[in-house]
Amino acid sequence: MKHLEDSMQVAFFKWADMQYPNLKKLLHHSPNGGKRNALEASRFKQMGTRAGFPDVILLMPKNEYGSLCMEFKTE
């Protein structure tokens with residue numbers, strides 16, 4: 001893994017898949033970051049990829065919240 005945040009996210013998904021296998025279809029990573037060539041970056045942008053979008057989304061309503069959005073950060 002090139003970045004610590006990537007490693008953290010991989011570990012999180014391994015943990016979540018083992019602890020909460022019933023959430024697999026509700027827990028999603030949106031690949032916003034990383035290096036892409038100009039053509040691929042343009043295509044992703046046209047398809048709706050947005051800078052600053054959360055790393056991980058749990059699409060499960062709870063109380064007054066419609067979802068849980070998470071961002072993995074390091075120092």
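A residue is called buried when its relative accessible area is under 20%, exposed when over 50%, and partly exposed in between, using a 1.4 Å probe and protein chains only. At 17% relative accessibility, Ser30 therefore counts as buried. Before we go on, please note that this is a predicted model, in which local features need pLDDT of at least 70 and side-chain atom pairs count only at pLDDT 80 or more, while totals for chains, interfaces and linings use all residues. Residues are numbered from 1 along each chain as its sequence is written, and side-chain values use heavy atoms, with hydrogens and water left out.

Let us step back to the whole protein. Two helices and three strands make it up, and along the sequence they follow the pattern α-β-α-β-β. Here helices (H or I, at least four residues) and strands (E, at least two) are DSSP runs, numbered from the N terminus. The C-alpha atoms fill a box of roughly 40 × 30 × 25 Å along the principal axes. Of the 75 residues, 19% count as buried.

Ser30, where we began, is found in the loop between β1 (27–29) and α2 (38–46). Not counting residues up to four places away in sequence, Ser30 touches Phe53, Pro54 and Asp55; such a contact means heavy atoms within 4.5 Å. Asp55 is also one of the residues in contact with Gln9, along with His29, Val56 and Phe72, once neighbours of Gln9 within four places in sequence are set aside. Gln9 sits in helix α1 (residues 4–19) and is buried, with a relative accessible area of 11%.

Now for the aromatic rings. Rings of Phe, Tyr and Trp (its six-membered ring) pair if their centres lie within 6.5 Å; planes under 30 degrees apart count as stacked, over 60 as edge-to-face and the rest as tilted. By this rule there are four aromatic pairs. In one of them, the rings of Phe12 and Trp15 have centres 6.0 Å apart and planes at 35°, so this pair is tilted. Phe12 and Trp15 are three residues apart in helix α1, which means that about one helical turn separates them. An α-helix has 3.6 residues a turn, so residues three or four places apart point the same way. Phe12 is buried at 18% relative accessibility, whereas Trp15 is partly exposed at 42%. Ring pairs link Phe12, Phe13, Trp15, Tyr20 and Phe72 into a cluster.

Finally, just after α2, Gly48 takes a positive phi of about 110°.
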